[in-house]
Amino acid sequence: MLLEPKDIFERLEFDKVLELLTNLCLGELGRRAVATIRPETDLDAIDRQLDEVMHYRLTLDRSDPFPITAYSDIAPDLKMLEIEDYVLSEEAFRRINIVLLFTRDIFRFFTPERQLLYPTLYHIVQPVPFDEALIKAIERVIDEDGNIRPDASPELMRIRKNIISKQRELDRVFRSIIQDSRNKGLLTDNVESIRNGRRVLSVPSEHKRKIRGIIHDESATGRTAFIEPEAIIDINNDIFDLESEERREIYRILKELSAATRPYAPVMRDYLALLVRFDVLQAKARLAVQMQALKPRLKDKPQLGFIKAYHPLLLLKNRQISKKTVPFTLHLLHDNRLLVLSGPNAGGKSITMKSVGLMQLMVQSSLLVPAATESEFGIFHNFFADIGDQQSIEDDLSTYSSRLANMRVFLDNADKRTLVLIDEFGSGTDPKIGGAIAEAILRELNARRVSGVITTHYSNLKVFAFKTKGLVNGSMTFDKDSLSPTYELKVGRPGSSYAFEIAQKSGLDAKVIEYARRRVGEQEGAVDQLLIDLQREKQELEEQITQLADKEQKVDKLIKSYEQMSRDLEFRKKYLKLEKKEQELQQTAQGNQSLERLIREIREEKNLEKAREMAQKIREERQRLAVQVTELQQEVYSQPEAAGSKKGAIKKGDFVRMRSGSATGKVEQLTKTKAVVLMGDMRLTIKLIDLQHANEPLDINSKASVQTDTLEYAAGFQSKIDIRGMRMDEALKVVETFVDQALMTGANNLRILHGKGDGTLRKAVRMKLREYKMDMEIKHPEAAEGGDGVTLVALG
């Protein structure tokens with residue numbers, strides 16, 4: 001990514017946003033991480049990170065506190081720990097333990113409910129393994145204050161008990177000596193003190209020879225001597241020896257703990273990185289709460305679509321003084337990419353332009369922005385800005401020369417993924433020449449299809465924007481009655497500088513203003529007004545064209561909808577008629593038994609002629625119904641493109657299944673009424689009316705197989721299968737294929753041998769059979785014929 005100039009963060013005030021973010025971090029490592037934030041260009045990464053900030057903000061909105069507070073940088077401790085035989089201090093282990101405790105609390109935070117509420121946050125911790133045994137190992141040695149626990153080892157417990165015992169003995173003897181010496185008047189008012197780590201008596205110099213012991217020190221004046229009485233010297237020596245033992249034992253314990261935790265140094269570094277990541281996330285979320293910021297829509301293309309957007313820093317500043325901030329909407333439509341923004345000074349042009357650049361940097365740095373969620377932010381790969389006075393004494397550049405140097409860099413590097421922001425374009429030199437150069441540069445930038453915002457007062461640039469595709473005028477509105485800016489952005493019309501009105505409001509002498517008006521003449525104002533009128537008419541025409549296009553789309557949709565409804569209605573009518581005829585045919589078949597009984601009675605009466613007539617009528621009626629059903633089936637099912645199927649007619653390469661089954665196959669050949677379908681290891685010739693579209697299966701077996709038609713296949717169909725020893729999924733697939741084949745061949749009685757076992761496979765087979773929405777009798781034979789190990793199926 002190219003950022004020009006080098007101080008673009010400062011010019012767009014992005015550095016101030018980062019400073020606010022830094023102040024919200026809980027640890028030094030988080031603050032360092034914020035300092036490295038740079039805008040990204042990977043849409044997926046930006047989108048994911050914005051979701052993480054949104055979900056962290058959700059924890060704040062729900063008053064569901066995330067378990068993170070101030071933490072220390074343990075990276076130096078871990079670096080030393082990785083050195084073989086290095087022994088970490090108690091304080092270092094205390095810092096490490098705090099990080100481990102925070103990490104443990106983070107993992108405990110993600111209950112099943114919170115995993116669903118904050119999925120992107122959970123995905124951060126999900127890949128990281130965490131074992132609380134590491135915490136337990138440290139806490140067996142170090143207490144919560146960072147001190148060695150008294151029971152860290154049996155030897156340490158023994159030593160500390162002896163120290164306590166000796167200290168009590170020392171205290172008892174020392175109090176006795178004090179009492180005795182005080183009675184003799186040998187002590188000062190302070191009585192005792194500590195010198196060289198030992199308790200001593202404060203004795204006036206004239207009495208120091210009267211107390212036997214070791215003189216450790218004297219006062220600055222020489223009037224007081226500090227004496228360790230002879231009676232406690234051995235006790236103090238014993239305590240000193242015990243304390244030395246204690247230090248050696250603590251060193252041994254810390255050495256063992258260092259050796260035990262050394263292999264986990266890389267893991268603990270991961271925990272620290274996790275903590276830093278959540279630290280930055282919570283800072284971003286808290287800043288978003290302050291700004292009332294949200295996540296906009298993202299587009300992987302250059303686009304400016306700001307809706308009800310606020311300058312983030314101005315919003316925070318005004319809120320502190322209870323001042324209203326005016327939002328702006330900048331949504332460039334059609335092929336418009338560059339906004340030429342004009343209007344009065346102090347009217348908000350520069351703030352609006354900076355808002356665009358600042359919020360674009362924030363979004364691409366995974367920061368939420370104060371704009372409506374309907375806003376659409378594109379992704380830019382280059383950011384160019386020319387804002388403010390860039391005069392350079394060191395480089396011997398005037399203001400205008402420095403701006404031209406920037407323009408050269410922009411033209412050399414700009415492309416369609418570049419965002420350009422230029423303030424007071426063309427200023428700094430003679431207006432006519434500056435305006436002409438600015439127009440030429442704007443023409444070249446537009447040819448490179450850059451996007452951006454350019455502020456200006458030059459009329460020629462407004463005219464150029466009006467005439468040129470890709471450019472659009474915009475203005476900051478001005479209240480002529482109060483002679484004050486409204487800070488509202490209007491896209492589609494140029495603005496006036498209102499210089500005379502502002503001069504009048506500032507109190508400038510009327511004679512001066514009148515002279516200036518005469519010098520300018522009416523032509524300049526007329527050009528501005530004409531341009532405004534033309535822009536308004538152009539905008540109105542564009543809006544009318546857009547409305548007509550929308551209406552045309554709606555009419556097209558209505559026509560298509562009507563045609564579809566008409567087809568659906570016709571299809572439903574035919575389908576209902578088909579159902580009725582099929583029902584009549586079924587009723588005729590059901591009445592066959594009673595009719596046959598009647599015919600037998602007539603035959604018994606020896607009236608054979610009457611019996612033949614009745615039988616003939618029955619056959620004719622059934623044939624008539626059968627023909628009607630077949631014709632209706634042809635009408636309903638042979639034209640799937642007419643509302644019966646959204647996928648259109650069945651064609652070669654489509655995946656299909658039979659209407660009475662669930663096995664899926666692929667169409668290899670087509671005739672007018674039949675299709676050759678590859679199902680599993682078989683090629684079957686099936687009538688088109690018996691087929692319907694199906695989704696592509698996960699695995700299609702395309703091995704060579706023997707082609708057969710339905711009748712030939714029926715002759716070789718075996719009505720029993722043995723699925724013993726198969727895996728569950730394999731067995732159920734075989735059963736499904738078996739039943740589908742039975743349906744295609746017209747087989748009625750099936751036998752499935754699955755064995756008894758624990759009954760799991762038997763239950764699974766029964767559930768698979770129930771998936772077929774048809775009449776079916778499922779039972780088991782007698783025990784002698786297999787019992788529960790066999791399932792018998794009678795198809796209706």
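Which strands does helix H24 lie across? Select residues 728-745 to find out. This is a predicted model. Helix H24 lies across S22, S23 and S25. Its direction makes an angle of about 165° with S23, residues 749-753.

Now show the strands. They belong to an open sheet of four, in the order S22-S23-S25-S24, with mixed pairing. Select 720-722 for S22 and 776-779 for S24: these are the edge strands, and each pairs on one side only. Neighbouring strands are turned by 15° against each other on average, direction ignored.

S24 and S25 pair in the antiparallel sense over four bridges. Pick Ile778: Val793 in S25 stands opposite.

**An enclosed strand**

Next, select 451-455. This is S13, and five of its five residues are buried, so the strand is largely enclosed by the rest of the structure. In a regular strand, side chains alternate between the two faces of the sheet. Look for that here: Ser451, Val453 and Thr455 point one way, while Gly452 and Ile454 point the other way.

S9 pairs with S13 in the parallel sense over four bridges. Leu341 stands opposite Thr455. Four bridges join S12 to S13, and the two run parallel. Ile422 stands opposite Ile454. Show H16, residues 431-447, as well: S12, H16 and S13 make a right-handed β-α-β unit.

**Last stop: H14**

Select 349-364. Helix H14 has 16 residues and reaches 23 Å from its first C-alpha to its last. Of its 16 residues, 14 are buried. Finish at Ser366, which follows H14 and has a positive phi, near 65°.

How values were computed. Residues numbered from 1 in each chain as written. Predicted model: local features only at pLDDT ≥ 70, side-chain atom pairs only at ≥ 80, totals over all residues. Heavy atoms only, no water. Pairing = 2+ DSSP bridges. Axes fitted to C-alpha atoms, helices over the stretch in contact; angles between N-to-C directions. Contact = heavy atoms within 4.5 Å. Expected span 1.5 Å × (residues − 1). Buried < 20%, exposed > 50% of the residue type's maximum accessible area, 1.4 Å probe, protein only. Right-handed = clockwise from strand over helix to strand, strands pointing away.
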